[in-house]
Amino acid sequence: MASLLIKGGRVIDPATKTDAVMDLLVVDGRIAERRVPEKGRGAAPDGRVIDATGHWVCPGLVDMHVHLREPGQEHKETVATGTAAAVAGGFTAVACMPNTSPVNDNAGVTEYILKKAAEANLARVYPIGAVSRGQAGEQLAEIGELHQAGCVAITDDGRPVATAMLMRRALEYAGMFGMPVIEHCEDQTLKGDGVAHEGFHASALGLRGIPGQAESIMALRDIALAELTGGVVHIAHMSARQTLDAVRWGKSRGARVTCEVTPHHFVLTDEMLRAPIAYDTNVKMNPPLRETADRDAMLAGLADGSVDVIATDHAPHHYDEKRVEFDHAPFGITGLETAVSLCFDRLVHGGIISLSRLVELLSVNPARILRVPGGSLAEGAPADVSILAPELHATVSAAMMRSKSKNTPFDGWKLRGGVAATIVGGRTVYVNDAIDLKI
Ligand SMILES: [Zn+2]
């Protein structure tokens with residue numbers, strides 16, 4: 001009987017309305033018992049103990065928007081390196097996007113990803129299938145086959161679902177299997193060949209702009225189609241304040257719409273296009289960093305409950321691919337290993353949201369939306385546990401990251417809060433050696 005005692009941590013488990021110092025006994029991969037700490041009852045049956053005093057003990061964090069790049073782009077990331085980055089970032093599970101090569105639009109690719117995840121044996125991996133064959137935006141993929149093989153949602157992420165009719169069918173079919181359609185909201189005619197947010201800073205640098213409405217227009221279409229079909233649409237990486245208004249409107253009408261925000265969209269603005277480094281390709285992502293009013297709207301949405309999920313949109317690219325002119329660089333930054341520190345520093349220590357709200361955004365809600373296990377530390381639940389260190393002072397180091405790619409704009413940032421240890425199915429898969437857990 002494999003067991004582990006997580007002692008003395010502050011257990012924050014919104015699913016059971018718990019916020020208290022407790023010991024957590026894990027047996028055979030599940031939460032066996034939660035109890036008030038007692039002197040003398042210090043050990044698990046086979047003696048393994050983590051001293052979590054001063055730390056938070058949370059249900060495992062779930063990142064529902066990650067690009068693992070395998071198969072096809074293993075020079076950027078693999079399932080093994082991506083899940084190593086995930087557990088170092090405090091995530092016990094990730095959902096991976098289908099824009100691989102070949103595209104994850106059939107059971108063969110889904111099974112390949114799951115096999116790689118089993119070999120890596122770190123974070124749990126939930127594949128997301130394509131909406132359309134080859135993500136070409138024409139014919140619907142075999143949604144039932146993808147679901148059967150283990151996909152938990154469908155999306156054409158990297159691009160939007162091409163037409164209203166295809167989105168209607170996607171919502172109808174995905175709904176039959178209880179899956180959400182995750183949408184990369186972008187009107188491609190309005191985006192054109194834009195590379196940055198349309199505004200003062202892009203104009204000053206002579207960069208072609210993408211207005212926030214390129215995103216909100218598509219969100220409005222999809223919310224209307226969710227109403228028509230009764231399907232569930234999840235708006236990925238929301239960046240524009242107009243989109244947040246659209247989501248609030250949809251929710252107020254009873255449409256089945258949820259949404260996510262990335263750390264970079266609630267921390268950064270398009271001022272980063274000019275300073276500290278002008279034309280830094282590590283601030284080029286899609287959707288782009290927007291202006292201060294948009295960033296502040298995202299913070300307000302996180303605080304008032306309009307935003308359901310924080311997801312990273314971890315998008316690794318090789319150094320050489322990013323080391324080109326701004327116009328030519330690929331969109332995207334890594335995110336798995338900076339998300340928790342950014343959330344602590346800006347949202348919790350910044351007084352924007354409570355501890356339990358953070359756990360809802362990073363664990364409870366993504367697990368619920370994807371209908372995967374997790375999001376709770378109730379007795380009997382899988383022992384996926386993230387031990388977080390709210391007072392850790394850490395300096396972000398791209399060079400030290402587990403991800404194969406280093407394209408982060410946060411290199412060198414000093415942040416308060418981080419990850420102490422990550423436990424998946426009762427196994428300790430990551431320990432931060434900067435913290436003494438007396439293991
Ligand atoms: Zn996207």
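Helices here are DSSP runs of H or I with at least four residues, strands are runs of E with at least two, and both are numbered from the N terminus.

Some ground rules before the tour. This is a predicted model, in which local features need pLDDT of at least 70 and side-chain atom pairs count only at pLDDT 80 or more, while totals for chains, interfaces and linings use all residues. Residues are numbered from 1 along each chain as its sequence is written, and side-chain values use heavy atoms, with hydrogens and water left out.

## Around helix 1

Let's stay with helix 1, which covers residues 79-88. Nine of its ten residues are buried, so this helix is mostly covered. Buried means under 20% relative accessible area, exposed means over 50%, and partly exposed is in between, using a 1.4 Å probe and protein chains only. Among the buried residues are Val79, Gly82, Thr83 and Val87. What do they pack against? Their partners are strand 7, helix 2, strand 8, strand 18 (414-424) and strand 19 (427-431). Contact, here and below, means heavy atoms within 4.5 Å.

Thr81 also belongs to helix 1. Thr81 counts as buried because its relative accessible area is 19%. Leaving aside residues up to four places away in sequence, Thr81 touches Arg402, Ser403 and Lys404.

Next comes an open sheet of three strands, paired in parallel in the order 6-7-8. Strand 6 (61-66) and strand 8 (124-127) are the edge strands, each pairing on one side only. From one strand to the next, the twist averages 20°. Two strands count as paired if DSSP finds at least two bridges between them. Strand 7 (residues 91-96) and strand 8 have four bridges in the parallel sense, and Val94 stands opposite Val125 in strand 8.

Helix 2 (residues 107-120) lies across strand 7 and strand 8, running at about 175° to strand 8. Such angles run from 0 to 180 degrees between N-to-C directions, with axes fitted as lines to C-alpha atoms, for helices over the stretch in contact.

| Helix pair | Angle | Axis distance |
|---|---|---|
| Helix 1 and helix 2 | about 55° | 9 Å |
| Helix 4 and helix 7 | about 45° | 9 Å |

That angle makes helix 4 oblique to helix 7. Helix 1 and helix 2 are therefore oblique to each other as well. For the cut-offs, under 35 degrees is roughly parallel, over 145 roughly antiparallel, 65 to 115 roughly perpendicular, and the rest oblique.

Helix 1 passes helix 2 in a right-handed crossing. In that contact, Val79, Ala80 and Thr83 of helix 1 meet Ile113, Lys116, Ala117 and Ala120 of helix 2. The crossing of helix 4 and helix 7 is right-handed too. A crossing is right-handed if the near helix is turned clockwise from the far one by less than a right angle, and left-handed if anticlockwise. Residues in the second contact include Met167 and Leu171 from helix 4, with Leu225 and Leu228 from helix 7.

Strand 14 (residues 233-235) pairs with strand 15 (residues 257-261) over three bridges in the parallel sense, and Val233 stands opposite Val257 in strand 15.

Asp157 is buried, with a relative accessible area of 3%, and His184 is buried with 3%.
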